[in-house]
Amino acid sequence: RRHFHGDLGDLLSNESVQKYLQQLMEECRNVSQKLQHAHLSESERKGLLRRHAELLPVATALDSVRRASRDREEVVSLLQSSSGVDEDKLFTQQLEEEEGHISQKLLSLRRDLVKALLPADPLDSSNVLLEVVSGRTTGGDICQQFTREVFDMYQGFASHKNWDFEPVNYTNAEYGGLHHAAARITGENVYRHLKHEGGTHRVQRIPEVGLSSRMQRIHTGTMTVIILPQPAELDLHVDPKDLRIDTFRSRGAGGQSVNTTDSAVRVVHLPTGIAVECQQSRSQLQNRDTAMRALRARLYQARLGKESQRRLSARRQQVGTRSQSERIRTYNFSQDRVTDHRTGYTARDIKEFMRGGQALQDLIGDVLEHAEVEALLEEVENSSGPK
């Protein structure tokens, strides 16, 4: 594996990061001193208290890292002085165990420091609308089968995290595949864990069913995952005049109608052309309500995209936009591995990975830490740039 965050010690020892930390510590001391003054106005005191509350977790985390680093250095020094002394093997063994324990603690403390240095994403606690869309290849059935597997994987992950997984749209394909599906996922910090899952997922395998299976060679296909945050307080007005609402009969595999009433709903936002469908329920009102929730989520995502584009920094332009059009991961069934292209993280036992349990959690955690490190480096660069 290649872990970008693999040595957070090196990251925090980086000259620019050290300088940035030193600046924050000096500011924390200055703010503390100013708060001792009796002649502060109410507004000045409030501003200083707010800044002190922001800086204190960083100072506390940095102090913990430095103390743990000193403890580890002492143990390593004792280990080096005791090496080669046969009569004290038990003492050496105890030192090695202590060194391992402190190293694990130090890694955890360094992660806490990186998190303390970054502002919280206000969307992290949001629920999400998850969409999966089959790609197009000469053997389209491999994409459709993989799309179903990925959808099932996220349903398994929702179960692993004790989240609610509510399918809102489901368009079947031949040979047990999916053209498109969507689900509303609700629970604790859903968006924080899934926000980096959006993008193109590639599969490489010998198909087991469908037309492509007759050729008995490795095929490559793709599907797209779209993650749309649904904040609890979604401040987004949609004018009814801007909507066109169509009703139609629910469709099954191959396009045949499976419902005798026009319960399925399609909502089109005329100014943007964004369209959403819902045909999960036999109730037209329920499908309309679900479709409107999905439309608001898409419009919100479009607005977020415009704001992000305006804020795009030079560093982000170099390391990639993390947009949902990027190929982010390859699932190689023939070689029994999953590789994330953003971090180089590789997971083995692909069948276990596709169940959506701890193996997927480990990869998501790795990508999250990688993103936090990128964000910290960007913050450091911005602080040292021209004011």
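Rings of Phe, Tyr and Trp (its six-membered ring) pair if their centres lie within 6.5 Å; planes under 30 degrees apart count as stacked, over 60 as edge-to-face and the rest as tilted. The model is predicted, so local features need pLDDT of at least 70 and side-chain atom pairs count only at pLDDT 80 or more, while totals for chains, interfaces and linings use all residues. Residues are numbered from 1 along each chain as its sequence is written, and side-chain values use heavy atoms, with hydrogens and water left out.

**Exercise 1. Aromatic pairs**

Task: state how many aromatic pairs the structure holds, and classify the pair of Phe 151 and Phe 165.

Solution. 
- The count is five aromatic pairs.
- Phe 151 and Phe 165 are 5.3 Å apart, centre to centre, with 65 degrees between the planes, which is edge-to-face.
- Phe 151 belongs to helix H5 (residues 140–160) and Phe 165 to strand E2 (residues 164–172), so the pair ties together parts 14 residues apart in sequence. Helices (H or I, at least four residues) and strands (E, at least two) are DSSP runs, numbered from the N terminus.
- Both Phe 151 and Phe 165 are buried, meaning under 20% relative accessible area; exposed is over 50% and partly exposed lies in between (1.4 Å probe, protein chains only).
- Elsewhere, ring pairs link Phe 146, Tyr 331 and Phe 353 into a cluster.

**Exercise 2. Helix H2**

Task: check the length of H2 (residues 15–34) and find where its buried residues lie.

Solution. 
- The expected span is 1.5 Å times one less than the number of residues.
- The buried residues are Val 17, Tyr 20, Leu 21, Leu 24, Met 25, Cys 28 and Val 31.
- Down the axis of H2 these fall within an arc of 135 degrees, so they line one face of the helix. The arc is taken over the directions from the helix axis to the C-beta atoms.
- The face turned away from the buried side carries the exposed residues Glu 15, Lys 19 and Gln 33.
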